[in-house]
Every structure is written in structure tokens, then in C-alpha cells.
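Work through the exercises below with the model open. Try each task before you read its solution.

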Amino acid sequence: MVALVGAARFHRVHDGAASEGQLMATAMTSVSSPPRPTPPRAYLAVIRTIDKFTEWTGHLFVLLLIPLIFANVIEVFARYVLSDPTIWALDITTMSYAALFMLGSALALLKGAHVRTDMLWAAFSDRTKGMIDSLAFLLFFLPTMAVLFVISIDDFLYSVSIDERSSSGAWTPILWPLRGIIPLAAFMLLLQGISELMKSLWAWRTGEFLTRHEKIEV
């Protein structure tokens, strides 16, 4: 009986010493490791505002699927059931798809859905990825979107002034709404590019990305 009591006391003392040792080791580790840097609140606020705007508008532009699907269904029914094809379905389909493609490009940038060479990209560290993205956005992407925006605005205004119309069929719809999609898409890409640049600069500085893009298989 005495031996059992002694053994129990020994185990309690031993466990207590082990727990104290673990706590001391954890405390020493937490003290020795430097605190992770956090971006300023204003920095994060700009990124979150742009990202939310891009995501909200991207989901709104999905509504362009309605005229796209509607035009194709009506055309198939009219052509193969009534033997009387429409004169407007082709233009509606082309314009709806073009608008959906262009206006959805900013959301694709936010989600990381644009084309990358993954076999090379995956081998880079986060800091290297941040450096490459930062330079690419600064030297190529943002200047290109700015030039595209300015040029397309002129084209849009000229199209409105001459009441430009399509010549692809007998319907000849006006083209200036589609022309207006181009500067709008360029502006949205420019805006989202600023957010992506800020994320990349942070990764270049700290070695950690603020957000992780989901892996999208196409």
C-alpha cells in the first residue's frame, strides 16, 4: 500500500514537472519566434473593397447568360421546328457571349483562373511569386489596361456619334453598347489589378500571401 502511494506521488510529481517543462518550452518558442507582420488596416480595407466589388459585379454579369441561352433556344426551335430562322439570334448570341467574356475577366483574375505555367509556378516560394507578380502587374498588366481603357473610350464615343451598326446580318443592331463594354472591362481589370498588385507586394515583402487562390481546372 505504501509502495502504491509512493508510486502515485512520483507520477504526479513527474507529470507536473513535464507539464511545466512543456509550458516553458512553448513560452520560449513563442518569445524566440518573431511576430508575424500584419498589414495596416487601410491597406487591407482597400484590398477587401476592390475584391468585394469585383465579386459582386461578377455575379451580376452572370445574368448575361439569360439572353445568350434564350437566343440560342429560340433560334434552334425556329430553325428546326418552324423552318423559319431568326435574323437576330446570331447577333444576340455574339454580343451576349462577348460581353460575358469581357466583364467576367476581372472576377477570373480575382479567383486566379487566368492561365499560368503551373509546372514552373508551383516550384517557386511565395516571396518569389510575389516578386514576379508585382513586376508583371507594374510593368505590363496595369499599363496595358490603362492604355486599353483610354483607346476604347475614344472608340466608344466615336461609335455613338456615328450610330455604328453591325453588318453581320439583316438585323443590323447598334454596336455602341458592345463598344462600351470594352472600356468598362478594362477599368474593372485595372481596378482588380491594383488589388492583386497590393497582395503581391505584401508577399514579396513578407514571404506570405494575404489570400490563396483556389485551384481551378479548365
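Contact here means heavy atoms within 4.5 Å. Keep in mind that this is a predicted model.

**Exercise 1. Find which residues Leu 103 touches, leaving out residues up to four places away in sequence.**

Step 1. Apply the contact cut-off to Leu 103. The residues touched are Phe 61, Leu 64, Ile 181, Leu 184 and Ala 185.

Step 2. The largest nonpolar core has 13 residues, and Leu 103 and Leu 189 have the most contacts inside it.

Step 3. List the elements behind this core. Helix 4 (89-103), helix 5 (105-111), helix 7 and helix 8 each give two or more residues. Helix 8 supplies the largest share, 5 residues.

Step 4. In soluble globular proteins, nonpolar side chains tend to be buried together.

**Exercise 2. Decide whether Lys 199 is buried or exposed.**

Step 1. Locate the residue. Lys 199 is part of helix 8.

Step 2. Use the cut-off. Buried means under 20% relative accessible area. Lys 199 has 3% relative accessibility, so Lys 199 is buried.

Step 3. See what surrounds Lys 199. Neighbours within four places in sequence are set aside. The contacts are then Ile 47, Asp 51, Leu 110, Gln 192, Phe 209 and Thr 211.

**Exercise 3. Decide whether Phe 140 is buried or exposed, then describe the nonpolar surface patch.**

Step 1. Find Phe 140 in helix 7.

Step 2. Exposed means over 50%. Phe 140 reaches 57% relative accessibility, so Phe 140 counts as exposed.

Step 3. Look at the patch. Phe 140 belongs to a nonpolar surface patch of about 1,100 Å². Other members include Met 119, Phe 124, Leu 139 and Trp 204.

Step 4. Helix 6 (118-121), helix 7 (126-162) and helix 8 (176-206) each give two or more residues. Helix 7 gives the most, with 6 residues.

**Exercise 4. For Ser 83 and Thr 172, state what phi is and where the residue sits.**

Step 1. Start with Ser 83. Phi is near 55°, a positive value in a residue other than glycine. Ser 83 sits in the loop between helix 3 (65-80) and helix 4. Relative accessibility is 59%, so Ser 83 is exposed.

Step 2. Turn to Thr 172. Phi is near 45°, a positive value in a residue other than glycine. Thr 172 sits in the loop between helix 7 and helix 8. Relative accessibility is 31%, so Thr 172 is partly exposed.

Methods
Residues are numbered from 1 along each chain as its sequence is written. This is a predicted model: local features need pLDDT of at least 70, side-chain atom pairs count only at pLDDT 80 or more; totals for chains, interfaces and linings use all residues. Side-chain values use heavy atoms; hydrogens and water are left out. Patches are made of residues with over 30% relative accessible area and no salt bridge: like charges are joined within 9 Å, nonpolar side chains (Val, Leu, Ile, Met, Phe, Trp, Tyr) within 5 Å. Accessible areas come from the Shrake-Rupley method with a 1.4 Å probe; for residues, only the protein chains shown count as cover. A salt bridge is a side-chain nitrogen of Lys or Arg within 4 Å of a carboxyl oxygen of Asp or Glu. Helices (H or I, at least four residues) and strands (E, at least two) are DSSP runs, numbered from the N terminus. Buried means under 20% relative accessible area, exposed over 50%, partly exposed in between (1.4 Å probe, protein chains only). A nonpolar core is a set of buried Ala, Val, Leu, Ile, Met, Phe, Trp, Tyr and Cys residues joined through side-chain atoms within 4.5 Å.
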